[in-house]
Amino acid sequence: MRHFLTLMDFTKEEILTIINDAIELKANPKKLLNDKTLAMIFEKNSTRTRMAFELAITELGGKAIFLNSNDLQLSRGEPIKDTARVIGSMVDFVMMRVKSHDSLIEFAKYSKAPVINALSELYHPTQILGDILTIKEWDKEKENNVKIAFVGDCNNVCNSWLIASAILGYEMSIAIPKNYTINTQVWDFVKKRSEISGAKISLFHNKFDALKNKDVVVTDTWISMGQENEKESKIKDFADFIIDDNAMKQANNDAILLHCLPAYRGFEVSEMVFEKYSKVIFEEAINRLYVVKALLCFLNKNS
């Protein structure tokens with residue numbers, strides 16, 4: 001059984017297959033999953049993720065069932081493994097947007113259907129698939145390499161981009177405050193995989209150093225869902241990490257800016273810069289639909 005919990009579990013060839021299939025499905029829509037059912041379990045709010053998954057399975061010929069965790073017996077203490085054995089036996093796919101990655105691991109252990117991570121506190125792999133598709137469409141991959149900088153919090157998007165870069169052999173730099181650290185499991189994986197792929201991963205504590213000569217700039221909210229009580233301290237910690245005009249000038253002249261959304265102008269990105277790159281940012285958001293289509297088809301074929 002193949003699940004999609006983290007990009008760590010996928011090879012370079014498999015990731016690129018999903019991206020190439022997404023390109024094909026975007027150009028030539030097909031109903032490849034007729035009568036298939038996707039269960040969507042949400043513990044956190046969602047706009048783009050819910051739209052992408054529900055539209056993806058529908059346009060592929062299947063149907064989606066939206067399940068708010070508060071409406072399930074999980075909210076009354078039913079063990080995850082019991083819920084997984086029921087839902088995972090009645091549908092063809094399960095996507096979960098969860099507070100704890102451990103919930104995904106436990107659910108996948110007992111589910112007979114492939115489980116997809118639609119966001120956990122550690123990883124956001126479908127977002128990175130959409131980003132890679134956007135990078136290819138905007139012609140920012142040169143000789144199988146992407147020069148990318150991530151500036152901001154070492155969160156699930158940062159983790160997933162580090163993993164993807166290490167697998168795909170990209171040149172990536174990240175800029176985070178000195179008192180922040182990358183997840184140990186992620187960093188160990190990145191170092192080992194980079195030795196195989198030839199990826200060049202650099203860590204900085206100054207955004208200008210990270211942004212030099214980059215073709216792609218990525219940022220994300222400083223305050224992830226569930227961290228609202230850390231808002232004041234994070235705003236202080238990340239005051240020098242806003243992507244503004246001066247920051248973008250350090251990247252290459254034709255660099256693009258990517259953002260997971262929602263964007264909080266005046267914090268991780270300035271209003272002017274966000275609007276300047278809004279076309280690519282919203283195309284990035286829409287591309288989640290096509291990579292999810294490709295991912296569902298991949299899991300249907302390989303599970």
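This is a predicted model: local features need pLDDT of at least 70, side-chain atom pairs count only at pLDDT 80 or more; totals for chains, interfaces and linings use all residues.
How many of the 13 residues of α5 are buried? Eleven of them are, so that the helix is mostly covered. The buried residues include Pro-125, Thr-126 and Gln-127, and they carry on through Ile-128, Leu-129, Gly-130, Asp-131, Ile-132, Leu-133 and Thr-134 to Ile-135. After the helix comes Asp-139, and the phi of Asp-139 is positive, near 60°.

Staying with positive phi values for a moment, we can look at two further residues, each in a loop. Glu-143 has a positive phi of about 55°, although it is not a glycine, and Glu-143 is found in the loop between α5 and β5, the latter being residues 147-151. Is Glu-143 buried or exposed? Its relative accessible area is 80%, and because a value over 50% counts as exposed, Glu-143 is exposed. Asn-213, also a residue other than glycine, has a positive phi near 60°, and Asn-213 lies in the loop between α8 (207-211) and β8. With a relative accessible area of 52%, Asn-213 is exposed.

One peptide bond also deserves a mention: the bond from Leu-261 to Pro-262 is cis, with omega near 5°, and Pro-262 is placed in the loop between β9 (256-259) and α11 (271-276).

Now I turn to the second largest pocket, which has a volume of about 210 Å³. Which elements give two or more residues to its lining? They are α1, residues 12-27, and α12, residues 278-302. Of these, α12 gives the most, with five residues. Among the lining residues you can find Thr-17, Asp-21, Glu-24 and Leu-25, and also Ala-294, Cys-297, Phe-298, Lys-301 and Asn-302. Sorted by kind, the residues of the lining divide into five nonpolar, three polar and four charged.

Asn-159 lies in helix α6, residues 156-168, and it is buried, with a relative accessible area of 3%. Which residues is Asn-159 in contact with, leaving aside its neighbours within four places in sequence? They are Leu-122, Tyr-123, Cys-154, Ile-182, Asn-183 and Val-186.

Ala-84 lies in helix α3, residues 80-90, and with a relative accessible area of 0% it is buried. Not counting residues up to four places away in sequence, Ala-84 touches Ser-89, Phe-107, Tyr-110 and Ser-111.

Terms used. Residues are numbered from 1 along each chain as its sequence is written. Side-chain values use heavy atoms; hydrogens and water are left out. Buried means under 20% relative accessible area, exposed over 50%, partly exposed in between (1.4 Å probe, protein chains only). Helices (H or I, at least four residues) and strands (E, at least two) are DSSP runs, numbered from the N terminus. On a 1 Å grid over the protein atoms alone, a cavity is a set of points where a 1.4 Å probe fits but cannot get out, and a pocket is an open set with protein on both sides within 12 Å along at least five of seven lines; lining residues have an atom within 4 Å of a point. Grid points are joined across faces, edges and corners, and a volume is the space filled by probe spheres set on the points. Ala, Val, Leu, Ile, Met, Phe, Trp, Tyr, Cys and Pro count as nonpolar, Asp, Glu, Lys and Arg as charged, and the others, Gly among them, as polar. Contact means heavy atoms within 4.5 Å.
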